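Biologist: Hi! I'm new to this one, could you walk me through it?
Modeller: Happy to, let's have a look together.

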Amino acid sequence: MTAAPLRMTYREACRQAIRDALLADPRSFVMGEDVGKYGGCYAVTKGLLEEFGPERILDTPLAELGITGAGIGAALAGLRPIVEIMTCNFSLLALDQILNNAATIPHMSGGQFAVPLVIRMATGGGRQLAAQHSHSLEGWYAHIPGLKVLAPGTVEDARHMLAAALADPNPVLIFEHIVLYNAEGDLDPAVTAVDIEHARIRRPGRDVSIITYGNSLPKSLAAAEALAAEGIPAEVLDLRVLRPLDMPAILESVRRTRRAVLVDEGWRSGSLSAEIAARLADEAFFDLDAPVRRVCSAEVPVPYAAHLEEAALPQVADIVAAARELVKPR
Amino acid sequence: MTAKIPLERGHLQEIYRQMLRIRRFEAKCVELYQAQKIRGFLHLYDGEEAVAVGVMQALEPRDAVLATYREHGQALARGVPMGPLLAEMLGKAEGVCRGRGGSMHIFDRERRFFGGNAIVGGGLPLAVGIAMADKRLRPGAVTACFFGEGAVAEGAFHESMNLAAIWQLPVLFVCENNLYAMGVPLEDAESQTDIYRKADAYRIPTMQVNGMEPVKMEFAARTAVEHIRAHGGPYFLECRTYRFRAHSMFDTQAYRTRDEIEGWKQRDPIERLRAWMQDNHQLTADEAARIDADIAAEIAAAVAFAEAGTLEPVADLERFVIMESVVQESPR
């Protein structure tokens, strides 16, 4: 007998994942701005201070560099910190610590030290939070050797990726999309763990691979639905892990469909989608029936006004148009 | 609180030996640099030896140390063996970091030596975190964090002071104030040139110390460490010192005068301690000669070890970028 699926929000899935982590390992703790008394800027840690106390749910001053560096130090010396950075825009204040220490010390020390640290941060646009709270910088972090970069796009991944990240001996960054927090999804009670190595086909299809992650995943699934109505069977591949990229899965899908649309909420220039496109050109050139297309954010600071923000971010119609053009050339 | 220092002959000779060992080691480093066996940046500690040697007297194996990029002295005083240290600087697989770190990035897990950090101020937040972990996992352990006065202009300094203070973490902040951030004089860079007052503003107990005098440094460090172990919270030492040599090997020293350098050399911690000990019958000529010979032998052995070292296979270039497991960090 299989248990009925649990319906919950992405936010609740994140919260349960943190709660499980705190229950499972006394070395784990959460530190970040407003994670305690306030309950988290996006309410992810609500109620956890009451349950675990101020040593495990640690409110910090507004000092992204300091708290990230402290998380790295705590990981070096045996704890399992979960650092929360309110939005990835703020993480730039901590970039020095993330790159120069967390990503670097294991190699630079000749393997003497590992940094088993998890940093969660909110990413992306779509809630009219304007240019300093809406950017998608996960592609930048995916540039850095020594880091693992995760982008849960489903409630299941939001629920289970954290445990895998904490079990990993390397610094792992988890990018939670702000639009997804309120999204609901079904959780199969039989699934108690996920890997953080593989991309996943979320919708199989024959004629074009839409390769994406994060909040562009539901948009891509909606686009695939619209394309199906037009008679175009599109596959949707959820990257899930942005570093290291699951190239075998990407290549397998594209070699089968012979066409690729990359959907990435980062800016086009120098983006993660640019990297994937370059690798497809390197490794799948002769398997392609059409050029690789990209749907990215417009190269502007994400604006406040709803219609401008909508125009700045990848939308379902853009994905549909890009895929349609590849499959049915004019 | 008054810390007790065993001021007997043997201990004084040991302090003298440790400082001289650092000085002579770095003189050999200059030779090896000029012979192009050490490459990259090389930052020498000459003149500042009393700070590292003094502080290390107060530390125990369970304590942690974070160092700067001018850290050969800090590493040697902490007990990092000279052979693997020099092999690292020669880029050999037998180096402490298998040739990946070089002069500026000496790490030694066995001695809880969490690295030379070449981002000015970059080690301070790490010290806060290590102290957070130790407070829970190794109660009583102290994290000593070395940094120069240049670091106090960085945000990392202020964030770390504040975190250590509000969370009452066992961090010994050791500011090596050598008066120049590379070539920028202290008074051009700081509105408040009494650095200890900055820590005072964070309500961290502080002491300004003459960093040219090893016994005063040891006394200050023991006082600070006893305070930290007794009360849990941080302590801040501003150590007034001077580097006799250039910032690195690429520095014409246009920013300071020969007279100024010569003036400070009159306060050389090694020469002055030797003179005092000889005048006060704490060091005979024979003992001094034996110390000289022991150090020379140790350096010769380190050079031989490093020169005989092998090169890390290029096939292992990417090894340790991604770790397969968490290395258990444990006290010696």
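Modeller: One term before we start: contact means heavy atoms within 4.5 Å. This is a predicted model, where local features need pLDDT of at least 70, side-chain atom pairs count only at pLDDT 80 or more, and totals for chains, interfaces and linings use all residues. Residues are numbered from 1 along each chain as its sequence is written, chains are lettered from A and ligands numbered from 1 in the order in which they are written, and side-chain values use heavy atoms, with hydrogens and water left out.

Biologist: Where is Thr154(A) placed?
Modeller: Thr154(A) lies in the loop between S6 and H7 of chain A. Helices (H or I, at least four residues) and strands (E, at least two) are DSSP runs, numbered from the N terminus.

Biologist: And is Thr154(A) buried or exposed?
Modeller: Thr154(A) is buried, at a relative accessible area of 17%. Buried means under 20% relative accessible area, exposed over 50%, and partly exposed in between (1.4 Å probe, protein chains only). The side chain of Thr154(A) also reaches the backbone nitrogen of Asp157(A) at 3.0 Å.

Biologist: Which side chain does Asp157(A) meet in a salt bridge?
Modeller: That of Arg202(A), at 3.1 Å from N to O. A salt bridge is a side-chain nitrogen of Lys or Arg within 4 Å of a carboxyl oxygen of Asp or Glu.

Biologist: Let's zoom out. How is chain A divided?
Modeller: Into domain 1 (6-187) and domain 2 (200-327), with bounds from an automatic or database domain assignment. Their centres, taken over C-alpha atoms, are 26 Å apart.

Biologist: How much area do domain 1 and domain 2 of chain A bury between them?
Modeller: About 2200 Å², with 55% of it on carbon and sulfur atoms. Buried area is the accessible area (1.4 Å probe) that two parts lose on being put together, summed over both. Gln128(A), His135(A) and Ala151(A) supply 23% of the area that domain 1 of chain A buries against domain 2 of chain A, more than any other three residues.

Biologist: How many salt bridges are there between those two domains of chain A?
Modeller: Three.

Biologist: Now for a helix. Why is H4 of chain B largely enclosed by the rest of the structure?
Modeller: Because seven of the eight residues of helix H4 (residues 82-89) of chain B are buried. Among them are Met82(B), Leu85(B) and Glu88(B).

Biologist: What covers the buried residues of H4(B)?
Modeller: The cover includes helix H1 (9-34), helix H3 (72-78) and helix H12 (285-307) of chain B.

Biologist: And what follows H4(B)?
Modeller: Gly91(B) follows H4(B), and the phi of Gly91(B) is positive, near 75°.

Methods: A polar contact is a pair of N or O atoms within 3.5 Å; within protein, one must be able to donate a hydrogen and the other to accept it, and residues adjacent in sequence count only if both atoms are side-chain atoms.
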